[in-house]
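Thanks for coming. I will go through one structure, from the overall layout down to a few single residues.

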Number of protein chains: 2
Amino acid sequence: MTVGEHDDDRPGAVRIGEAAAASGVSTRTLRFYEEIGLLEPSGRSTGGARRYGEADLARLQQIRDLQEVLGFDLGEIKEVLRCEDALGELRSEYRSGAPDRRRREILGEASAINAKMRAVVAAKQQALAAMQRELESKAARYRALVRELDRASAR
Amino acid sequence: MTVGEHDDDRPGAVRIGEAAAASGVSTRTLRFYEEIGLLEPSGRSTGGARRYGEADLARLQQIRDLQEVLGFDLGEIKEVLRCEDALGELRSEYRSGAPDRRRREILGEASAINAKMRAVVAAKQQALAAMQRELESKAARYRALVRELDRASAR
DNA sequence: GAAGAAGTTGACGTTCACGTAAACTATCGG
DNA sequence: CCGATAGTTTACGTGAACGTCAACTTCTTC
């Protein structure tokens with residue numbers, strides 16, 4: 001029994017420190033995300049240490065994207081993920097408990113969130129495009145000013 | 001002298017409440033922005049009430065854009081604006097005090113910030129485009145699932 | 001010119017998203 | 001087996017970005 005190996009569960013699982021380093025957050029952040037029910041590590045070692053699987057890391061990446069790219073707060077992110085989780089369940093236990101009526105409900109919510117997010121994305125893209133044009137015209141003006149200075153000092 | 005009109009300075013100037021309502025922030029936010037040196041109203045009434053001009057409102061809009069679209073914190077935003085202000089001075093007092101050397105310095109800083117911001121914008125655009133593709137494929141899957149349900153219930 | 005709405009300066013409170021310290025346990029290399 | 005390193009829970013602290021009184025003045029309207 002005492003094989004002497006390091007006791008963990010699944011092969012791809014990493015510990016909290018590695019997960020943190022890999023994704024650029026702190027260990028505190030990971031524990032905090034768990035605390036608020038945002039990201040549960042898929043397993044624990046026999047001693048109680050968190051083990052983050054591949055899917056956990058992907059989920060973490062998604063969380064950070066939603067936070068930094070879309071500017072969602074952790075509450076909104078939780079909503080989004082909760083909804084995706086529901087869909088995941090739908091898919092796994094294909095005829096999950098209450099049928100059709102419940103399925104449509106979940107799909108409806110998912111579609112609503114999807115639409116909302118697409119709207120946010122579109123709005124951000126608009127704003128970014130405008131800002132990009134602004135920045136480029138300013139950059140052009142800066143270059144012109146520098147050329148002017150060069151001409152003046154060449155004289 | 002006592003014309004009886006409401007005592008303010010420039011015609012386009014609005015009070016803090018109107019400025020707040022127009023830009024979707026609170027009056028507290030405007031006072032706070034002034035407190036940290038981010039946005040000084042261009043004038044005051046004789047009694048001491050803030051008067052926000054057209055340029056102030058534009059600046060405020062820029063602040064909110066930098067905050068919400070690029071996700072900058074107020075410190076970074078202050079940096080950006082401070083730099084633009086310096087350029088503005090350069091332009092107004094065209095040969096402002098120390099010449100050339102100082103001018104190039106300011107231009108350099110402006111160009112550096114501009115480049116940094118363009119990089120941030122580009123990165124965000126990448127992330128957004130990826131997210132958009134994700135969302136669209138998910139939307140397609142949702143529609144497919146709904147069709148499936150429809151077919152099942154039509155039977 | 002009196003009332004009520006809006007604005008002023010403090011000053012303290014609040015929420016979010018973690019940071020940090022302490023005391024203890026687990027895991028790993030030797 | 002032992003020491004170093006990493007992880008655990010619990011709890012209090014923190015910075016950013018405002019919110020919320022309170023006490024007072026100013027502006028606008030009737």
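**Layout, interface and some residues**

This is a predicted model. Chain A is divided into domain 1, residues 9-69, and domain 2, residues 70-155. Taken over C-alpha atoms, the centres of these two domains of chain A are 23 Å apart. Domain 1 of chain A puts 7 residues into the contact between them, and domain 2 of chain A also puts in 7 residues. On the domain 1 side, the residues that touch domain 2 of chain A are 5 nonpolar and 2 polar, with no charged residues.

Next, secondary structure. Chain A contains 5 helices and 2 strands.

Now the overall dimensions. How does the radius of gyration of chain A stand against that of a compact globule of 155 residues? The globule would come out near 15 Å, whereas chain A has 24 Å. Along the principal axes, the C-alpha atoms of chain A fill a box of roughly 85 × 50 × 25 Å. Of the 155 residues in chain A, 14% count as buried. If you take the contacts in chain A with a separation of 6 or more, 51% of them are between residues 24 or more positions apart.

Helix 5 of chain A has 54 residues. From its first C-alpha to its last, helix 5 of chain A reaches 78 Å, close to the 80 Å expected at 1.5 Å a residue.

Which residues in helix 5 of chain A are buried? They are A:R103, A:L107, A:A110, A:N114, A:M117, A:V121, A:K124 and A:M131. As you step along that list, keep the helix geometry in mind. An α-helix has 3.6 residues a turn, so residues three or four places apart point the same way. As for what covers the buried residues of helix 5 of chain A, the cover includes helix 4 of chain A, residues 74-92. From chain B, it includes helix 3, residues 54-68, and helix 5, residues 101-154.

That brings us to the interface. The contact between the chains takes 28 residues from chain A and 28 residues from chain B. In chain A, helix 3 and helix 5 each supply at least two residues of the side that touches chain B. The largest share of that side, 23 residues, comes from helix 5 of chain A. By class, the side of chain A that touches chain B has 14 nonpolar, 6 polar and 8 charged residues.

What is the symmetry? A rotation of 180° with 0.0 Å of shift along its axis superposes chain A on chain B, with an RMSD of 0.0 Å. That is the relation of a two-fold axis. The same surface serves both copies, and 100% of the contact residues of chain A recur in chain B.

Start with B:E93, in the loop between helix 4 and helix 5 of chain B. Is B:E93 buried or exposed? It counts as exposed, because it has 9 C-beta neighbours inside 10 Å, and the cut-off for exposed is 12 or fewer. B:E93 and B:R50 are 43 residues apart along the chain, and their C-alpha atoms are separated by 27 Å.

B:Q132 sits in helix 5 of chain B. With 16 other C-beta atoms within 10 Å, B:Q132 is partly exposed. The C-alpha atoms of B:Q132 and B:D150 are separated by 27 Å, for 18 residues along the chain.

In chain A, A:E40 lies in the loop between helix 2, residues 27-35, and strand 1, residues 43-44. A:E40 is partly exposed, with 13 other C-beta atoms within 10 Å.

The last one is A:A20, in helix 1 of chain A, residues 16-23. A:A20 has 19 other C-beta atoms within 10 Å and so is partly exposed, since buried needs 20 or more. Leaving aside neighbours within four places in sequence, A:A20 is in contact with A:V25, A:S26, A:T27 and A:L30. Between A:A20 and A:L57, 37 residues apart along the chain, the C-alpha separation is 9.3 Å.

Notes. Residues numbered from 1 in each chain as written. Chains lettered and ligands numbered in written order. Predicted model: local features only at pLDDT ≥ 70, side-chain atom pairs only at ≥ 80, totals over all residues. Domains from an automatic or database assignment. Contact = placed C-beta atoms within 7 Å. Nonpolar A, V, L, I, M, F, W, Y, C, P; charged D, E, K, R; others polar. Helix = DSSP H or I, 4+ residues; strand = E, 2+ residues; numbered from the N terminus. Expected span 1.5 Å × (residues − 1). Rg over C-alpha atoms; globule rule 2.2 N^0.38 Å. Least-squares fit on C-alpha atoms with pLDDT ≥ 70 in both.
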